[in-house]
Amino acid sequence: MIPFFKLFEMKKYSYRCFRCAVGFIVSVVVLTLAVACSDESATDNVPVIQLIPDNGSLISDTTLPPGGSVPVTIRALGGGSNITYFGIRMFDGTTHYVLDSGMNAASLNFNQILYKGNSPVEEWTFVMMNHDRQKASVTLTIGKKNVTGWGAISTLDHLELGAQSNMTAGGFLSMPAGEVYNYAQAAANQPGIDMIYYYGEYEATLSSPGESDAPAYFPDLASWSTKNETRYDTTSLSEQDFYRAFNDSLLIVSYEPVNGKRKAKNLTAGMVVAFRTQSGKIGLAFIKNVIPGAEGKLECAVKIQK
């Protein structure tokens, strides 16, 4: 027979073992839950950005001819924390900052048309950051496809565009037909207006209905339902270069999409400006003469893709 005090010690030992075992099991469970919650929290806070194949949008690397275009659709989620920044970069040997946008939203849906420039390879990177300063990005590489045949162009050799106070010459141009409208006529033909001329802070200026300063010279533009935006790029071309263009090859190589601005300013006689319209037509404008002032006008010639 085992003495009573021995049984008592054995019971105490068994109890301690049981308590240790229970404590160990509880610790494992708590640790597992903590890790699971931590992993879940980390996953929830990771932002996500994706290329979406909506309506033929590009989702993988490709090649395009210079001047070619392709749509992209971006969808981003902040990962439990609002998106505070969205940007677009293009690298072709030099980094071009195409878009830097601040925001405060749980998600983002963004559509953009990418226009191929003249570089052999372009890397387009779309980047976002959430409120926790966590970033996500996605990149597309677009190579340059050889062009087997150049396109036809239209030449508009005698255009006169009146500034904002000119009562005889209209300042609104529709392309590629080259029709010039006055202020009232342009309002009735909003979808066709690609270019506007005014004389102001930057003297002789080519603009478009979508340019932010244009309503300061033509106030009714603010209420237009259709505001086409034409982008402009400076060139070093001469008058002789302009008139030697018989297809769209010179037009395309003279316009660099990432350098396009909403206005061409400080225009003077002899300058050649490249541009791209809302519909994607690329052209060149040769400035023949500038009669300064709000009542003056700009005389030019235009070559544009058909």
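Before I speak of bridge partners, one rule: two strands pair if DSSP finds at least two bridges between them. I also keep in mind that this is a predicted model.

**Entry 1: strand 17 and its partners.** I began with strand 16 (residues 282-291), which is joined to strand 17 by eight bridges and runs antiparallel to it. Within this pairing, I found lysine 303 of strand 17 as the bridge partner of leucine 284. The two strands make a hairpin with five residues between them, and in the turn glycine 293 has a positive phi of about 100 degrees. Next I checked strand 9 (residues 153-162): it pairs with strand 17 in the antiparallel sense, again over eight bridges. There, leucine 161 stands opposite leucine 298.

**Entry 2: around phenylalanine 242.** I counted 10 aromatic pairs. One of them is phenylalanine 242 with tyrosine 243, edge-to-face, at 4.9 Å centre to centre and 90 degrees between the planes. Phenylalanine 242 is buried at 0% relative accessible area, whereas tyrosine 243 is partly exposed at 29%.

Phenylalanine 242 also pairs with phenylalanine 286: the centres are 5.8 Å apart and the planes stand at 35 degrees, so I call this pair tilted. Since phenylalanine 242 sits in helix 3 (residues 239-243) and phenylalanine 286 in strand 16, the pair ties together parts 44 residues apart in sequence. Phenylalanine 286 is buried too, with a relative accessible area of 5%.

**Entry 3: other rings.** I noted a cluster in which ring pairs link Phe172, Tyr183, Phe218 and Trp224. Elsewhere on my list, lysine 265 lies over the face of tyrosine 202, at 4.2 Å from the ring centre.

Entry 4: In what order do the three strands of the open sheet come? I read 1-3-6, with antiparallel pairing. Strand 1 (48-51) and strand 6 (107-115) are the edges, each pairing on one side only. On average, neighbouring strands here are turned by 20 degrees against each other, direction ignored.

Strand 3 (residues 69-77) is joined to strand 6 by nine bridges, and I picked out proline 71 with its partner isoleucine 113, as well as arginine 75 opposite asparagine 109. Strand 1 pairs with strand 3 over four bridges, where leucine 51 has isoleucine 74 as its bridge partner.

Methods:
Residues are numbered from 1 along each chain as its sequence is written. This is a predicted model: local features need pLDDT of at least 70, side-chain atom pairs count only at pLDDT 80 or more; totals for chains, interfaces and linings use all residues. Side-chain values use heavy atoms; hydrogens and water are left out. Axes are lines fitted to C-alpha atoms, for helices over the stretch in contact, and angles run from 0 to 180 degrees between N-to-C directions. Rings of Phe, Tyr and Trp (its six-membered ring) pair if their centres lie within 6.5 Å; planes under 30 degrees apart count as stacked, over 60 as edge-to-face and the rest as tilted. Buried means under 20% relative accessible area, exposed over 50%, partly exposed in between (1.4 Å probe, protein chains only). A charge sits over a ring if NZ of Lys or CZ of Arg is within 6 Å of the ring centre and within 35 degrees of the ring normal.
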